[in-house]
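Let's take a walk through a protein model together.

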Amino acid sequence: LVGVFIYERHYGRPSAVTVATAPVSWGWSKPGALAQDLPADAYLNRLAAAAAEWFEKRPDEPTALARRIVEFRQGCSLLILSPHAPLDERDRQWLIEKCRAWAAKLDQHLVSLEAGDDALDVRDRADETVRKLVEAMRNRAVERA
């Protein structure tokens with residue numbers, strides 16, 4: 001039995017690999033970014049400000065840019081699945097539909113990067129996506145004010 005145990009331990013079953021990842025602490029993934037106790041316009045402005053944090057780091061290397069896009073995309077999932085209590089049903093649906101579209105664009109940017117497109121070109125396209133979503137949220141906030 002000892003021999004079987006030693007054999008299985010070393011040769012029989014592959015050991016599990018653990019991958020540690022740091023929690024995302026910017027954008028919509030940041031604690032408090034999706035606070036539900038604000039008026040609708042303040043909520044939308046907070047979401048816009050959190051999204052604008054994208055511009056605080058400017059990775060130009062493919063791996064770092066991919067990580068940044070994935071982190072932003074993770075925030076999109078959180079945003080899509082959040083309750084958005086400050087918003088009425090129409091604004092909630094608008095936000096979710098828009099975020100799904102933005103998430104799809106981010107997915108496209110990541111695919112382009114993985115396909116070998118120039119990292120700076122991909123970053124420029126991602127920047128434009130983020131600029132448009134920040135502007136859309138701020139415009140919606142003005143309408144709600």
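Predicted model: local features only at pLDDT ≥ 70, side-chain atom pairs only at ≥ 80, totals over all residues.

Start with the helices. Two packed helices are described by the angle between their axes and the distance between the axes. Take H3 and H4: their axes are 9 Å apart, and the angle is about 160°. That angle is over 145°, so H3 and H4 count as roughly antiparallel to each other. If you're wondering about handedness, the crossing of H3 and H4 is left-handed.

Now move on to H4 and H5. Their axes come within 9 Å and cross at roughly 175°. Again the angle is over 145°, and therefore H4 and H5 are roughly antiparallel too. Among the residues making this contact are Asp 91, Trp 94, Leu 95 and Trp 102 of H4, together with Val 122, Leu 133, Met 137 and Arg 144 of H5. Remember Asp 91 and Arg 144, as both come back below.

Next, find the loop between helix H3 (62–81) and helix H4 (89–114), which is where His 84 lies. Is His 84 buried or exposed? It's buried, with a relative accessible area of 0%. What does His 84 touch? Leaving aside residues up to four places away in sequence, it touches Gln 36, Tyr 43, Leu 79, Arg 92, Leu 95 and Ile 96. Its side chain makes a polar contact of 2.6 Å with the side chain of Tyr 43. There's also a backbone neighbour to spot: the oxygen of Ser 82 sits 3.4 Å from a polar atom of the His 84 side chain. His 84 has one more thing to show you. Most residues other than glycine have a negative phi. The phi of His 84, however, is positive, near 55°.

On to the charges. Side chains of opposite charge can pair when their charged atoms come close. How many salt bridges does a search of the whole structure find? The count is nine. One of them is between Glu 53 and Lys 30, whose closest N and O atoms are 2.4 Å apart. This pair links distant parts of the chain, 23 residues apart: Glu 53 is in the loop between helix H2 (40–52) and H3, and Lys 30 is in the loop between helix H1 (2–12) and H2. With a relative accessible area of 10%, Glu 53 is buried, whereas Lys 30 is partly exposed at 29%.

Here's where Asp 91 and Arg 144 return. Their side chains meet in a salt bridge, 2.5 Å from N to O. Asp 91 counts as buried because its relative accessibility is 2%, while Arg 144, at 25%, counts as partly exposed. Arg 144 also has a salt bridge with Glu 143, this one at 3.9 Å. Glu 143 is exposed, with a relative accessible area of 52%. Through salt bridges that share partners, Asp 91, Arg 140, Glu 143 and Arg 144 are joined into one network.

Last stop: Arg 46, in helix H2. It's partly exposed, with a relative accessible area of 35%. Not counting residues up to four places away in sequence, Arg 46 touches Gly 32, Ala 33, Ala 35 and Leu 38. Now look for Arg 138, which is 92 residues away from Arg 46 along the chain. In the folded model, the C-alpha atoms of Arg 46 and Arg 138 are separated by 9.1 Å.

Methods:
Residues numbered from 1 in each chain as written. Heavy atoms only, no water. Helix = DSSP H or I, 4+ residues; strand = E, 2+ residues; numbered from the N terminus. Buried < 20%, exposed > 50% of the residue type's maximum accessible area, 1.4 Å probe, protein only. Polar contact = N/O pair within 3.5 Å; in protein donor to acceptor, adjacent residues only side chain to side chain. Contact = heavy atoms within 4.5 Å. Salt bridge = Lys/Arg side-chain N within 4 Å of Asp/Glu carboxyl O. Axes fitted to C-alpha atoms, helices over the stretch in contact; angles between N-to-C directions. Parallel < 35°, antiparallel > 145°, perpendicular 65-115°, else oblique. Left-handed = near helix turned anticlockwise from the far one by under 90°.
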